Amino acid sequence: CSPCSPGHYKSYVGTTACEMCPKDTYRETPGASEQGACLPCPHLSSTRGAAGQSSVAACLCDPHTYPNLGSSAASLQCEKCPAGALCLGGGRECALANAARMC
């Protein structure tokens with residue numbers, strides 16, 4: 001048998017098929033032997049329902065949050081939208097805006 005590819009795991013040794021890591025998780029390296037090897041997305045982020053993700057870059061900030069501009073794909077930090085500001089969709093783009101919709 002061969003090791004599972006990134007984003008997948010196999011609970012049993014043998015010829016059974018690899019399973020996708022669940023939604024809101026990812027696995028960057030091959031060879032996971034249990035679902036617990038799939039890492040959770042950072043706080044206030046998700047894979048937006050997609051399973052089998054192989055990189056933390058698949059994790060996007062949740063709605064009503066924005067990415068901390070100092071964070072990178074490897075260390076995504078999502079922040080809640082401050083009172084009086086508009087967060088336009090989360091994700092990874094500049095999403096913190098005032099009422100005039102200017103970042």
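Colleague: What is a disulfide?

Modeller: A disulfide is a covalent bond that joins two cysteines through their sulfur atoms. The model is predicted, and its structure holds four disulfides.

Colleague: Which residue does Cys 4 pair with, and how far apart are the sulfurs?

Modeller: Cys 4 is joined to Cys 18, with 2.1 Å from S to S. Cys 4 sits in the segment before β1, while Cys 18 is in the loop between β1 and β2 (19–20). The two are 14 residues apart, and the pair links distant parts of the chain.

Colleague: Is the link of Cys 4 and Cys 18 left-handed or right-handed?

Modeller: The angle about the S-S bond is -90 degrees, and the link is left-handed.

Colleague: Where do Cys 21 and Cys 38 lie?

Modeller: Cys 21 and Cys 38 form a disulfide with their sulfur atoms 2.0 Å apart. Cys 21 is in the loop between β2 and β3 (25–26) and Cys 38 is in the loop between β3 and β4 (39–40), so the pair ties together parts 17 residues apart in sequence. This link is left-handed, with -70 degrees about the S-S bond. Both cysteines, Cys 21 and Cys 38, are buried.

Colleague: Which strands hold Cys 61 and Cys 78?

Modeller: These two also form a disulfide, and their sulfur atoms are 2.1 Å apart. Cys 61 is in strand β6 (residues 60–61) and Cys 78 in strand β8 (residues 78–80). They are 17 residues apart, and the pair links distant parts of the chain. The link of Cys 61 and Cys 78 is left-handed, at -90 degrees about the S-S bond.

Colleague: How accessible are Cys 61 and Cys 78?

Modeller: Cys 61 has 0% relative accessibility, so Cys 61 counts as buried. Cys 78, with a relative accessible area of 6%, is buried as well.

Colleague: What does His 8 touch?

Modeller: Leaving out residues up to four places away in sequence, His 8 touches Cys 18, Glu 19, Met 20, Cys 21, Arg 27, Ala 32 and Gly 52. Cys 18 is a partner in the disulfide with Cys 4, and Cys 21 in the one with Cys 38.

Colleague: Where is His 8 in the chain, and what lies 3.2 Å from a polar atom of its side chain?

Modeller: His 8 belongs to strand β1 (residues 8–9). The backbone oxygen of Pro 6 lies at that distance from a polar side-chain atom of His 8.

Notes:
Residues numbered from 1 in each chain as written. Predicted model: local features only at pLDDT ≥ 70, side-chain atom pairs only at ≥ 80, totals over all residues. Heavy atoms only, no water. Helix = DSSP H or I, 4+ residues; strand = E, 2+ residues; numbered from the N terminus. Polar contact = N/O pair within 3.5 Å; in protein donor to acceptor, adjacent residues only side chain to side chain. Contact = heavy atoms within 4.5 Å. Disulfide = S-S within 2.5 Å. Buried < 20%, exposed > 50% of the residue type's maximum accessible area, 1.4 Å probe, protein only.
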